[in-house]
Amino acid sequence: PGAPIVYSVCSLQPEERKAVIEAVSADAAIARQKIPAAAIAGENQFLTRDGELRTLPSQWGELGGLDGFYAVLLQRTL
């Protein structure tokens, strides 16, 4: 209880991110937490309104772009 859990995938497919997190979040013992910008060196552009991490191929185009990546911070409450 209280320990952070990071779920991450190198995919932007809804069934690998949103569907999984919705299923896990249905468990009352798991709470979603916002990823703080400080955890990713202040790169707010990679954070969604819900505090999830999401990178897109169009980001950092000047450096060759990024792969699609998704991460969410969860916390066990019980």
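A residue is termed buried when its relative accessible area is under 20%, exposed when over 50%, and partly exposed in between (1.4 Å probe, protein chains only). The model is predicted, so local features need pLDDT of at least 70 and side-chain atom pairs count only at pLDDT 80 or more, while totals for chains, interfaces and linings use all residues. Residues are numbered from 1 along each chain as its sequence is written, and side-chain values use heavy atoms, with hydrogens and water left out.

The structure contains 1 aromatic pair, where rings of Phe, Tyr and Trp (its six-membered ring) pair if their centres lie within 6.5 Å. The ring centres of Phe46 and Trp60 are 5.3 Å apart and the planes stand at 75°, so the pair is edge-to-face (over 60 degrees; under 30 counts as stacked and the rest as tilted). Phe46 lies in the loop between strands E2 (30-33) and E3 (53-55), and Trp60, 14 residues away, in the loop between E3 and strand E4 (69-76). Strands (E, at least two residues) and helices (H or I, at least four) are DSSP runs numbered from the N terminus. Phe46 is buried at 7% relative accessible area, whereas Trp60 is partly exposed at 33%.

Ser11, in the loop between strand E1 (4-9) and helix H1 (18-25), is buried, with a relative accessible area of 11%. Leaving aside residues up to four places away in sequence, Ser11 touches Glu16, Arg17, Gly68, Phe69 and Tyr70 (heavy atoms within 4.5 Å). Of these residues, Arg17 has its charged end over the ring of Tyr70, 5.7 Å from the ring centre (CZ of Arg or NZ of Lys within 6 Å of the centre and within 35 degrees of the ring normal).
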